[in-house]
Amino acid sequence: MNFLAQFWHAVAKVFNLPRRLRGLTDHRQDPRIPPPVLWTTLLLGAVLRVPSFLQLQKETTRRRLQRLLAWSRRLSDDALAYGTEQADLAELRGLLVSVNRTLKQNKAFEAAKINGLLVVALDANEQFSSRARCCAECCQRQVKVTSASGAVEEITEYYHRQVYAQLHGPHFSVILDLEPIRPGEEEAQAALRLLGRLRRLYGPRFFAAITVDAWYTKGPFLLAVQKLGWGVVTVLKQERFEVYQESEALRGEHPPQRWSWEDRSVAAWEVNDLTFTETRGPVRVVVAEEDWAEVKRVGGRPQVQAKHAAWRWLATEELAGYPLQTIWRIGHQRWGVENHAFNELTQYYHLEHCPHHEPVAILAWLLILVLGFGLFEWFVRIHGKLWRQGEVTLQELAKRLDRALERWEELEPLWSG
Ligand SMILES: [Zn+2]
């Protein structure tokens with residue numbers, strides 16, 4: 001069967017996608033292009049990794065896309081831009097949530113669990129850094145630049161940044177939702193808004209804990225997450241924290257636990273029942289020292305270099321009953337080999353280059369992009385097991401989609417199913 005048709009049959013059957021796309025609306029008045037045609041075009045553009053609206057416009061002039069959309073007119077890049085500006089973001093989020101809920105019901109996240117816990121990683125990503133303000137929601141910062149004459153001057157740079165909630169597994173990753181960081185706002189504030197919405201949209205028990213980087217340890221963030229009902233594992237860095245110094249002083253009281261992980265030997269200590277003023281209840285600190293050897297070619301000759309990494313995490317009391325190794329695994333999840341969603345999205349889905357710079361359009365496109373990414377990842381890694389068998393690379397699978405599109409006679413309209 002045609003690869004694109006296969007993909008669409010699978011997402012139609014499992015996620016009821018055509019019916020959901022037919023039900024989408026947006027805020028345009030009397031739209032010339034019906035919302036299902038517009039949003040299916042955009043979703044298809046995301047799955048096929050089309051990098052710009054101009055490129056997508058060109059695609060819509062071709063018979064193959066016209067057949068898939070059952071729409072025989074071109075969608076101009078202006079129409080795509082205006083359509084995304086007028087998006088109903090709640091509806092697009094609803095679509096993403098329903099797909100992720102189905103994935104969970106179908107046990108797609110089982111392999112991602114750590115000791116039975118599903119853990120969400122929060123991470124931020126940046127777009128459109130420029131020297132001109134482009135929209136009302138652009139963030140700004142001062143940066144130093146060196147001019148042609150060698151003089152250093154300070155200029156204002158404008159950019160956009162969003163916090164993403166990701167579920168990582170050994171086989172595949174999905175984005176649960178994302179939230180823009182507003183001008184002048186701290187990343188943790190946007191993260192809390194995101195977590196509050198995740199709780200409303202997915203419920204408090206969809207996942208058990210979150211893992212974040214060190215700067216989230218500041219201020220009321222940890223306590224706020226605990227109040228939402230989740231445990232937190234965070235990198236502990238600031239030596240000004242008493243809890244850091246206390247854990248350092250106490251960890252020598254017991255011998256470390258030792259184990260091997262891939263090519264690393266790990267020694268880890270835990271210090272329990274520490275008081276931390278910014279959490280509810282006592283915290284635990286886990287310290288890990290990891291050693292491994294790396295072979296590098298120096299002057300054409302392989303040379304073995306000894307490598308060492310040290311980690312320190314803080315875990316809140318919701319995770320008190322779990323062994324030390326569980327905290328270590330959760331802490332590592334954000335940086336480990338399993339963290340591929342961002343890499344994939346950045347490298348192959350043009351995450352950092354939104355096609356239209358306008359606050360609503362940016363979010364609409366990102367929601368469609370992570371939806372398309374999640375569906376394709378699920379299809380090739382879980383449903384078709386194409387990638388897991390190691391037979392083909394993801395890039396070849398994406399090319400297979402393009403080739404399938406060439407044989408458009410084999411395809412049926414996408415949202416008629
Ligand atoms: Zn902007």
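Modeller: A residue counts as buried when its relative accessible area is under 20%, and as exposed when that area is over 50%, with partly exposed in between. Please keep in mind throughout that this is a predicted model.

Biologist: Is His160 buried or exposed?

Modeller: His160 has a relative accessible area of 7%, and because buried means under 20%, this residue counts as buried. His160 belongs to strand β3, which covers residues 152-167. Beyond its neighbours within four places in sequence, His160 is in contact with a set of residues that includes Asn125, Phe128, Cys135, Cys138, His357 and Ile362. The side chains of His160 and His357 are also joined by a polar contact of 3.1 Å.

Biologist: Which protein atoms are the donors of the zinc ion?

Modeller: The donors are SG of Cys135, SG of Cys138, NE2 of His160 and NE2 of His357, which lie 2.1 to 2.3 Å from the zinc ion. Along the sequence these donor residues follow the spacing C-x2-C-x21-H-x196-H. His160 sits in strand β3 whereas His357 sits in the loop between α12 (341-348) and α13 (359-383), so this pair ties together parts that are 197 residues apart in sequence.

Biologist: What geometry does the site of the zinc ion have?

Modeller: For four tetrahedral donors the ideal angle at a metal is 109.5 degrees. Here the angles among the four donor atoms run from 99 to 125 degrees, and the site of the zinc ion is tetrahedral.

Biologist: Now for a histidine elsewhere: where is His308 placed, and why does it count as partly exposed?

Modeller: His308 is in strand β10, residues 301-315, and it counts as partly exposed because its relative accessibility is 46%. Setting aside residues up to four places away in sequence, His308 touches Glu289, Glu290, Asp291 and Trp292. Polar contacts join its side chain to that of Glu289 at 2.7 Å and to that of Asp291 at 2.9 Å. Sequence separation and spatial separation can also be read side by side, as with His308 and Ser265, which are 43 residues apart in sequence while their C-alpha atoms are 9.8 Å apart in space.

Biologist: How should I read burial for a whole strand or helix, for example which residues of strand β5 are buried on each side?

Modeller: Strand β5, residues 209-212, has both faces covered, with Ala209 and Thr211 buried on one side and Ile210 and Val212 buried on the other. Strand β5 pairs in the parallel sense with strand β1 (residues 119-130) over three bridges, where Val119 stands opposite Ala209. Strand β5 also pairs in the parallel sense with strand β6 (residues 231-235), over four bridges, and Ile210 stands opposite Val232 there. For a helix, consider α11, residues 324-333, in which eight of 10 residues are buried, among them Leu324, Ile327, Trp328 and Ile330.

Biologist: Finally, how many Å apart are the C-alpha centres of domain 1 and domain 2?

Modeller: According to the domain assignment, domain 1 consists of 3-104 + 356-416 and domain 2 of 217-314, and their C-alpha centres lie 41 Å apart.

Terms used:
Residues are numbered from 1 along each chain as its sequence is written. This is a predicted model: local features need pLDDT of at least 70, side-chain atom pairs count only at pLDDT 80 or more; totals for chains, interfaces and linings use all residues. Side-chain values use heavy atoms; hydrogens and water are left out. Helices (H or I, at least four residues) and strands (E, at least two) are DSSP runs, numbered from the N terminus. Buried means under 20% relative accessible area, exposed over 50%, partly exposed in between (1.4 Å probe, protein chains only). Contact means heavy atoms within 4.5 Å. A polar contact is a pair of N or O atoms within 3.5 Å; within protein, one must be able to donate a hydrogen and the other to accept it, and residues adjacent in sequence count only if both atoms are side-chain atoms. Domain bounds come from an automatic or database domain assignment. Two strands pair if DSSP finds at least two bridges between them. Donors are N, O and S atoms within 2.8 Å of the metal (3.2 Å for Na, K and Ca); water is not among the atoms, so sites may look incomplete. Four donors count as tetrahedral if all angles lie between 85 and 135 degrees; four count as square planar and six as octahedral if opposite donors are over 155 degrees apart and all others between 65 and 115; anything else is irregular.
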